Number of protein chains: 2
Amino acid sequence: MLELVDLNQRISGEEYEKIFPDLEAQLAACQRMARQSGIPIAIVFEGWDAAGKGMMINRLAQVLDPRGFRVYLTGDPSAEEQRRPWMWRFWKELPGAGEIVMFDHSWYRRIFDDAAQGRLSRKEYQQAVHDILEFEKQLADSGLLLIKFWLHISAKEQRRRLKRLEQSPATRWKVTKSQWEQNRKYKKWQKLVETALQRTSSSQNPWTVVEANQGKFARVKVFRTIISAIKEACARREREPAPSLTPMPEPDESQFYRPTILDRVDLTKSIGREEYERELEVLHKKLYELEHRCYLAKIPVVIVYEGWDAAGKGGTIKRLTRALDPRGYEVVPVGPPTTEEKAHHYLWRFWRRIPKTGHITIFDRSWYGRVLVERVEGYCSQEEWERAYREINEFERQLADFGTVIIKFWLHIDSDEQLRRFERRQSDPQKQWKITEGDWRNRAKRKHYELAVIDMLQRTSTLYAPWTILEANCKLFARIKSLRVVVERLEAATR
Amino acid sequence: MLELVDLNQRISGEEYEKIFPDLEAQLAACQRMARQSGIPIAIVFEGWDAAGKGMMINRLAQVLDPRGFRVYLTGDPSAEEQRRPWMWRFWKELPGAGEIVMFDHSWYRRIFDDAAQGRLSRKEYQQAVHDILEFEKQLADSGLLLIKFWLHISAKEQRRRLKRLEQSPATRWKVTKSQWEQNRKYKKWQKLVETALQRTSSSQNPWTVVEANQGKFARVKVFRTIISAIKEACARREREPAPSLTPMPEPDESQFYRPTILDRVDLTKSIGREEYERELEVLHKKLYELEHRCYLAKIPVVIVYEGWDAAGKGGTIKRLTRALDPRGYEVVPVGPPTTEEKAHHYLWRFWRRIPKTGHITIFDRSWYGRVLVERVEGYCSQEEWERAYREINEFERQLADFGTVIIKFWLHIDSDEQLRRFERRQSDPQKQWKITEGDWRNRAKRKHYELAVIDMLQRTSTLYAPWTILEANCKLFARIKSLRVVVERLEAATR
């Protein structure tokens with residue numbers, strides 16, 4: 001594909017002067033349109049060294065409203081970034097609704113530079129391609145407009161530019177050894193780039209190869225590509241009917257295959273106070289030690305608690321954290337998303353909070369809200385929650401690939417037990433604050449939630465991130481089991 | 001003061017068992033009260049090595065609802081933190097309304113450890129004390145509850161603990177050379193701590209010295225102190241009438257000392273298109289070079305644009321950024337605060353966005369909103385905006401002390417010119433989006449704003465962060481002058 005690129009394409013100065021001002025005006029208008037439509041835009045600039053990425057971004061920055069864009073320069077990962085899965089730093093930087101982020105180099109550094117310099121094994125390379133495809137698919141599905149440019153120049157042109165840069169004292173510092181190295185191995189590099197471009201082109205997120213031997217030609221092509229992409233995205237958004245957001249209809253019995261996974265939960269399991277105290281002490285001791293071992297082994301740990309209202313999440317989490325050094329863990333309570341969070345991909349807020357190496361993050365509710373409350377209440381469309389199972393599995397896979405231990409709990413109680421607890425809370429002035437109208441509303445939808453929970457358990461229990469159901473009619477039993485599972489998983493990870 | 005502390009204070013196991021469970025229950029209730037009252041709480045733990053800070057935080061963590069607190073471990077500053085004023089990392093971590101943050105070591109590291117290890121000059125020490133006092137005052141004034149503990153043990157007790165830790169293989173790694181060093185120089189350290197405690201005790205933010213030779217005694221004292229501080233803070237908040245939030249009354253002529261600083265602005269200043277283009281090119285070239293020089297010299301730059309609606313802030317900023325490499329600057333448009341921002345000190349959101357060394361941050365509107373729109377519209381109380389002048393000067397001083405170049409512009413146009421521009425915008429379909437009803441509302445309050453602007457210019461123009469008024473009836477003139485001032489300031493800084 002790159003060999004067929006015609007690098008002789010040029011545009012005359014006269015023609016350029018004629019058409020470029022209009023392109024500038026159009027681009028500025030497009031930015032306003034995109035802002036109004038609330039479309040997030042990410043523009044990736046990759047290409048040969050000295051192909052003019054920086055200049056191109058500069059040129060765009062001159063036209064765009066500076067209050068609406070950011071530039072992210074992809075340097076070597078910082079210490080903080082090295083302590084998380086490699087995609088973390090890009091997730092963090094994603095544009096919100098109506099924003100533009102230009103990436104000067106990007107996640108492609110990994111399969112261009114890292115691969116070229118032999119820093120990736122074959123398996124790691126394939127993994128990286130997979131991660132990228134998944135990442136870009138998730139973005140596109142969520143309505144983000146991603147535009148990817150490869151700025152292409154010939155070996156000869158690259159040589160000419162590097163020499164010219166070296167001649168001036170003002171620009172000499174820009175030329176590095178690795179750039180000359182790239183020029184010497186141009187052919188080999190080209191093959192590698194070619195493969196990478198092909199593998200990461202999708203119909204949703206295609207690459208645009210830009211003939212960049214002549215700056216003017218390249219600019220015109222980049223401007224035109226961005227303009228038409230934004231226009232198309234805005235038109236698509238207007239054309240497409242808003243997704244229908246309807247609450248889940250009352251499920252009928254035929255939607256359940258009895259006995260369901262929930263029917264089979266043995267809620268009579270219980271434990272006496274004395275045994276509880278004894279076990280608690282033993283497990284706490286183990287856990288305290290394991291936390292330290294995980295810290296030394298630099299293992300990140302994610303623990304998720306989901307469950308029925310009043311199932312005892314808070315108490316169970318407390319029995320867990322009591323054994324932990326508070327400098328090593330964080331509890332993240334998950335409520336409705338804020339305005340800023342709503343302006344981003346729904347996983348954005350969770351990506352930002354994942355633990356760094358050696359640390360534990362406990363989520364009190366989590367990204368599973370997407371397939372529970374959002375599905376039941378119709379806060380997202382059917383297409384969105386159906387897609388979410390896969391997206392969540394991929395999210396957790398990336399964490400697991402990085403070495404994260406993922407432990408997920410569903411706290412299960414039956415409807416009668418829940419009612420008893422609600423009533424007890426309501427009559428106890430010390431506990432009234434714990435019960436809200438929302439709890440009663442959710443309770444009325446027990447059957448809806450059951451269906452959603454069953455789907456969730458079945459579709460997101462993976463080898464690397466299995467669900468554990470906690471039989472929680474007896475709170476003490478649930479707490480001990482939760483602790484035991486955490487201990488077992490951490491023991492296995494540090495063995 | 002430390003010599004008078006009676007380290008023989010003890011509590012019997014029996015008494016402890018009797019009173020401690022009740023303290024735990026009270027503390028948990030206090031956390032809920034504070035959350036309901038929306039009070040942010042910061043608890044600082046400082047003390048001798050091996051005095052039990054970690055254990056104490058652990059004990060508190062066992063009682064508190066883990067969803068409502070965080071622990072911040074003050075390690076050595078990270079690379080990112082070293083590139084900003086030293087208080088940045090603490091500002092970032094401040095609790096929002098209803099949150100608790102426990103600091104395991106804190107900003108006091110600087111005047112305890114750094115000073116003890118000779119890493120601070122006398123002048124730096126005094127500066128640090130000043131910064132701390134100012135920081136804590138700002139927090140207290142904003143309604144944050146700060147509780148500071150010094151855990152005190154005797155030299156003998158410290159020696160005993162270090163030895164015991166060394167004896168067990170499980171804890172040996174905890175004991176470092178510097179801890180033994182501290183023990184050897186206990187007397188010298190004590191004097192230093194004593195001075196620091198005295199200098200940083202204020203009526204708003206006193207220190208509590210905790211006799212920590214016996215763990216039980218220390219725990220009881222810490223719990224009791226926190227409980228009573230929270231109760232008091234909640235009671236105070238209930239007792240105090242909500243601050244009256246009233247818009248600024250119509251100012252009368254007697255409030256102006258004519259001619260005011262604004263009256264004296266010569267709005268006839270202008271420049272022709274040709275001269276403009278010529279100057280623009282010259283200044284852009286200089287600026288491009290200066291940006292790079294600042295980068296190499298690791299100088300952070302803050303540029304603030306404030307001004308009347310339609311005075312041309314956007315266009316002026318654009319003429320500035322056009323000359324800059326977009327990887328080196330960021331434009332921060334400042335709108336009404338988000339819910340999260342409102343839950344914090346009003347300067348929190350600006351502290352978070354200050355530039356790192358070698359970078360430029362351009363604020364399109366800024367923290368001056370406090371003394372402009374918030375004052376005029378009554379979004380904050382009179383006490384709050386009156387305090388703000390000093391708080392802002394201190395904020396900017398800390399940036400300047402770190403070496404930041406601070407450039408502030410007020411874009412001035414007269415009322416007639418503003419009306420012309422509003423009308424032109426309204427009649428041009430391409431520009432209608434630029435004008436909102438809010439603009440007309442603000443215009444009706446011209447006189448109010450004039451008074452606020454005059455106060456602002458006079459009270460926050462400092463040697464380290466002076467205001468420049470841009471005569472903006474002629475847009476071209478304002479743009480050139482803005483560029484020229486930026487060039488001059490950066491030249492002076494890199495000379």
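What follows is a chat about a predicted model, its domains, its strands and its chain contacts.

Me: Before we start, what kind of model is this, and what pLDDT do local features need?
Reply: It's a predicted model: local features need pLDDT of at least 70, side-chain atom pairs count only at pLDDT 80 or more, and totals for chains, interfaces and linings use all residues. Residues are numbered from 1 along each chain as its sequence is written, while chains are lettered from A and ligands numbered from 1 in the order in which they are written.

Me: Great. Which domains does chain A have?
Reply: Domain 1 covers 13–239 and domain 2 covers 253–494; such bounds come from an automatic or database domain assignment. Their C-alpha centres lie 40 Å apart.

Me: And how many residues does the contact between them take from each?
Reply: It takes 18 residues from domain 1 of chain A and 17 from domain 2 of chain A. Two residues are in contact if their C-beta atoms, placed from the backbone, lie within 7 Å.

Me: Which element gives the largest share on the domain 1 side?
Reply: That's α6(A), with 6 residues. Both α4 (88–92) and α6 (122–141) of chain A supply at least two residues of that side. Helices (H or I, at least four residues) and strands (E, at least two) are DSSP runs, numbered from the N terminus.

Me: Switching to strands: is β9 of chain A mostly covered or exposed?
Reply: Mostly covered: 7 of the 8 residues in β9(A) (405–412) are buried. Buried means 20 or more other C-beta atoms within 10 Å of a residue's own, exposed means 12 or fewer, and partly exposed is in between, with C-beta atoms placed from the backbone.

Me: Which way does β6 of chain A run relative to β9(A), parallel or antiparallel?
Reply: Parallel, with 7 bridges joining β6(A) (301–307) to β9(A). Two strands pair if DSSP finds at least two bridges between them. One bridge has A:Val304 partnered with A:Lys408 in β9(A).

Me: What about β10(A), how many bridges pair it with β9(A)?
Reply: There are 5 bridges, in the parallel sense, between β9(A) and β10(A) (467–471). A:Trp410 stands opposite A:Ile469 in β10(A).

Me: New topic. Where is A:Pro259?
Reply: A:Pro259 sits in the loop between α10 (215–239) and α11 (273–296) of chain A. The peptide bond from A:Arg258 to A:Pro259 is cis, with omega near -10°. In chain B, the bond from B:Arg258 to B:Pro259 is cis too, with omega near -10°.

Me: I see B:Lys298 has a positive phi. Is that residue buried or exposed?
Reply: B:Lys298 is exposed, with 12 other C-beta atoms within 10 Å. Its phi is about 60°, although it is not a glycine, and B:Lys298 lies in the loop between α11 and β6 (301–307) of chain B.

Me: Last one: how many residues of chain A are in contact with chain B?
Reply: 28 residues of chain A are in contact with 28 residues of chain B. On the chain A side, the largest share, 4 residues, comes from α2(A). By class, that side has 11 nonpolar, 6 polar and 11 charged residues.

Terms used:
Ala, Val, Leu, Ile, Met, Phe, Trp, Tyr, Cys and Pro count as nonpolar, Asp, Glu, Lys and Arg as charged, and the others, Gly among them, as polar.
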